[in-house]
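Subject: A structure for you to explore

Hi there,

Here is the structure I promised to pass on to you. Have a look around it first, and then read on for what turned up.

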Amino acid sequence: MIKVQNISRSFGDKVVLRDISGTFEKGKPNLIIGASGTGKSVLLKCIVGLSRPDDGQVFYDGRDFYAGDNELKTEIRREMGMLFQGGALFDSKTVEQNVMFPLDVLTKMKADEKLDRVNFCLKRVGLENVNKKMPSEISGGMKKRVGIARAIVNNPNYLFCDEPNSGLDPQTSILIDELIQDISEDLDITTIVVTHDMNSVMGIGEKIMFIFKGQKLWEGTKNTIIHSGVQELDDFVFANKVMNNLRK
Amino acid sequence: MFLGRLFVNRESFRTYYRLVMEECVGIGIGSIFLVALVSTFIGAVTTLQTAYNLVSPFVPNWVISQVVREMVVLELAPTIMALIYAGKIGSSMASGIGTMRITEQIDALEVMGINSISYLVLPKIIASMLMYPLLVIVAGVCSLVGGYLVGTLTGIITPHDYEYGLRASFNEFTVTFALIKAAVFAFLVSSISSYKGYYTQGGSLEVGISSTQAVTSSVIAILVAEYTLVQILLTND
């Protein structure tokens, strides 16, 4: 479980996050949603330690990330896997080398063990026979899947996904969403997904935090989101014509 | 602070060894053709220009190669090559790391618990300090060979005079000094370029700007460092 307490973050005079608290549970995808520019990705960066909050704490199963020394931070980070918006695959490495990278650097596994693990993870995300391809030779959806394979290769306890569906067609988006949900359940890990895609919200939103202008305005599930009674959330959810028609 | 983080939370020796070797190949093999080509021509042109300026019948011909030797060893091989090195390797380092920054590859390393500065920059600095002095030696040899070929083929100087001039009043410390300069310049180019690339913010336009800034800052640092080193190591009093 990941718990955030009173997270605030500013860039110069601009306050991006104000006093955000909440918990992210194990074994299911936890969604952070909101319109573009509301601070979702900054919150995620604060949680994973890529951007230090001005105020507040982040607890990983009770371990205070920011109060800890470098050793604790490294220990927690080695339990993390992250899927970045653009995939963040290493351009100079093949798909296989990309997925193997955390094992190469962080473990003392033998070469054949590493290869088995890589092939298992690639198969888990539905990719086979792409080991020797370069990231520039595969599609956006495949890059996301390779990113997920790399994120889970080292058996993480925490999985973070920043806009996993951005730039993908609806069918591939659903596949990626289902994959994230399955992995979270099967591996029993704490997963946080930042998204503004309503299809993802309605598909895998078992726990949802809505951020508006840097503040948490609502928390709930996909079953309660359409009856939230929060005007800003309604504006976000029903901005989509299909959703609006459903409401009507 | 940037350099201080190079030695914090490092990975295994095996990891660095592999990275340093990869960088050495990139820097050394990737630059050797350009270095050899430029230095051969510099040696040839220096020989011709020195001969053009030595018109007195009282000055023996072997002085030409002696002048070429001093110029090549003290200045042309370590310093002019460093400027070329900054343009080729420095810009490549800055743009490579800058691209990793804007495509979140550096963030990916950090999230994995890897000290990205140490992982990306330390091997570049070590490889640079290993390979650039070797490139300077290659440049020195190519320059002297270039001068020899042009001098003897055009009849400006005989092979015997050229060899005699190269050996006359030779001070071995100039070679040591050239190698000290090479190591310092290599450190400056690799650390400044890596720094500029690492702190790139924005998109591809900013990567280009970082790359340009890396070359400009490296060139200025090389010139200042050279003056300082000459003042410290070559002043007689």
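Predicted model: local features only at pLDDT ≥ 70, side-chain atom pairs only at ≥ 80, totals over all residues.

The patch includes B:Leu134, B:Ile137 and B:Val141, along with B:Phe170 and B:Leu179, and its members together have about 770 Å² of accessible area. Two helices of chain B, α4 (116-153) and α6 (173-198), each supply at least two of the patch residues. Take B:Val141 as an example: this residue lies in helix α4 of chain B, and it counts as partly exposed because its relative accessibility is 49%.

Now compare a residue in chain A. A:Leu31 is part of strand β3 (residues 29-33), and it counts as buried because its relative accessibility is 1%. Setting aside neighbours within four places in sequence, A:Leu31 is in contact with several residues, among them A:Val193, A:Thr195, A:Ile204 and A:Met209.

Next, the aromatic rings. A pair of them is described by the distance of the centres and the angle of the planes. Over all chains, the count comes to 15 aromatic pairs. In one of them, the rings of A:Phe90 and A:Phe101 have centres 4.8 Å apart and planes at 55°, so this pair is tilted. The two residues are 11 apart in the chain, with A:Phe90 in the loop between β6 (80-83) and α3 (95-106) and A:Phe101 in helix α3. A:Phe90 is buried, at 3% relative accessible area, and A:Phe101 is buried too, at 2%.

A:Phe210 and A:Phe212 make a stacked pair, 6.4 Å centre to centre with 25° between the planes. Here A:Phe210 is buried at 1%, whereas A:Phe212 is partly exposed at 27%. Ring pairs also link A:Tyr60, A:Phe65, A:Tyr66, A:Tyr158 and A:Phe160 into a cluster.

Finally, what sits over the ring of A:Phe90? It is the charged end of A:Arg150, 4.9 Å from the ring centre. In chain B, the charged end of B:Arg101 sits over the ring of B:Tyr198, 4.6 Å from its centre.

Enjoy exploring!

Key. Residues numbered from 1 in each chain as written. Chains lettered and ligands numbered in written order. Heavy atoms only, no water. Patch = residues over 30% accessible without salt bridge, like charges linked within 9 Å, V, L, I, M, F, W, Y side chains within 5 Å. Areas by Shrake-Rupley, 256 points an atom, 1.4 Å probe, with all protein chains shown as cover. Salt bridge = Lys/Arg side-chain N within 4 Å of Asp/Glu carboxyl O. Helix = DSSP H or I, 4+ residues; strand = E, 2+ residues; numbered from the N terminus. Buried < 20%, exposed > 50% of the residue type's maximum accessible area, 1.4 Å probe, protein only. Contact = heavy atoms within 4.5 Å. Phe/Tyr/Trp six-rings, centres within 6.5 Å; stacked < 30°, edge-to-face > 60°. Lys NZ or Arg CZ within 6 Å of the ring centre and 35° of its normal.
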